[in-house]
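Me: I would like to go through this model with you, one topic at a time. Could you take my questions as they come?

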Amino acid sequence: KWGDRGIWLPHAAEPMVHRPLKHHPVVYDVAFVGGTDLAEPHRRRRTLLKALAVKHKVWAGRAYGVFLSMIYAKSKLVFNCSVGGEVNMRIFEGAACQRAVVTDALEASQGLETLFTDKELATYTDDTLLTVVERLLHDEKARARIAEAGYQRVLKDHTYTHRVARIRQWITQHPRPS
């Protein structure tokens, strides 16, 4: 039987939907697309978003499809705060929209460092978030470098077409057991 011969397929982006939109004025410093309700898993997110909103114009809420891309197009940074220390869709979608992604530093076991380098996104701890965001908001060139590098990385390695190709490769290499 197939048993333990599985593969890890992280999230990805769909470039036909998650893409740079150039004709939108940038009106937000930071955008967060995701859950911020009162459920316990979102407490840390809400706390960090409130801290960011003290000095910065923040958009936070849910958005899907091209509306998500429009929100990111109107923002200088994409903020990610995982619920359980996981590599989530926001990382890929924000980078695919050619925005610098600021994500929580995840444990090595989560695999973020195998997907992106520190030149392709910025990481923070709860103690360094405000410093990282301030630095990127004041350094347009650094922000643009991260945004472009993350964008290129997604197009090169992290679209759903890549994930389907990986599944097909795995199936070819692991014929179904008799």
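Me: Where is His174 found?
Reply: His174 is in the segment after α7 (160-173); helices here are DSSP runs of H or I with at least four residues, strands are runs of E with at least two, and both are numbered from the N terminus. This is a predicted model, in which local features need pLDDT of at least 70 and side-chain atom pairs count only at pLDDT 80 or more, while totals for chains, interfaces and linings use all residues. Residues are numbered from 1 along each chain as its sequence is written, and side-chain values use heavy atoms, with hydrogens and water left out.

Me: Is His174 buried or exposed?
Reply: His174 is buried, with a relative accessible area of 18%. Buried means under 20% relative accessible area, exposed means over 50%, and partly exposed lies in between (1.4 Å probe, protein chains only).

Me: How many residues apart in sequence are His174 and Gly6, and how far apart in space?
Reply: They are 168 residues apart in sequence, and their C-alpha atoms are 9.5 Å apart in space.

Me: Now the sheet. What is the order of its strands?
Reply: The order is β2-β1-β3-β4-β5, in an open sheet of five strands with parallel pairing. Two strands pair if DSSP finds at least two bridges between them.

Me: Which are the edge strands?
Reply: They are β2 (58-61) and β5 (122-124), each of which pairs on one side only. On average, neighbouring strands of this sheet are turned by 25 degrees against each other, direction ignored. The axes behind such angles are lines fitted to C-alpha atoms, for helices over the stretch in contact, and angles run from 0 to 180 degrees between N-to-C directions.

Me: What does β1 pair with, and over how many bridges?
Reply: Strand β1 (residues 28-33) pairs with β2 in the parallel sense over four bridges, and three bridges join β1 to β3, also parallel. In β2, Ala60 is the bridge partner of Phe32, while Tyr28 stands opposite Ser75 in β3.

Me: How many residues of β1 are buried?
Reply: Six of the six are buried, so β1 is largely enclosed by the rest of the structure.

Me: Which strands does α1 lie across?
Reply: Helix α1 (residues 43-53) lies across β1, β2, β3 (75-80), β4 (100-104) and β5, and runs at about 160 degrees to β2. Helix α3 (residues 89-96) also packs on the sheet, touching β1, β3 and β4, and its direction makes about 165 degrees with that of β3. Contact means heavy atoms within 4.5 Å.

Me: How many residues of α3 are buried?
Reply: Seven of its eight residues are buried, so α3 is largely enclosed by the rest of the structure. The buried residues are Arg90, Ile91, Phe92, Glu93, Gly94, Ala95 and Ala96.

Me: Let us turn to the largest pocket. What is its volume?
Reply: The volume is about 280 Å³. On a 1 Å grid over the protein atoms alone, a pocket is an open set of points where a 1.4 Å probe fits, with protein on both sides within 12 Å along at least five of seven lines; lining residues have an atom within 4 Å of a point. Grid points are joined across faces, edges and corners, and the volume is the space filled by probe spheres set on the points.

Me: Which residues lie nearest its centre?
Reply: Of the 13 lining residues, Val33, Tyr64, Leu68, Met89 and Glu93 lie nearest the centre of the largest pocket. Helices α2 (65-73) and α3 each supply at least two residues of the lining, and the largest share, three residues, comes from α3.

Me: Last topic: how many disulfides does the structure hold?
Reply: The structure holds zero disulfides, a disulfide being a pair of cysteine sulfur atoms within 2.5 Å. Cys81 is in none, and the nearest cysteine sulfur, that of Cys97, is 19 Å away.
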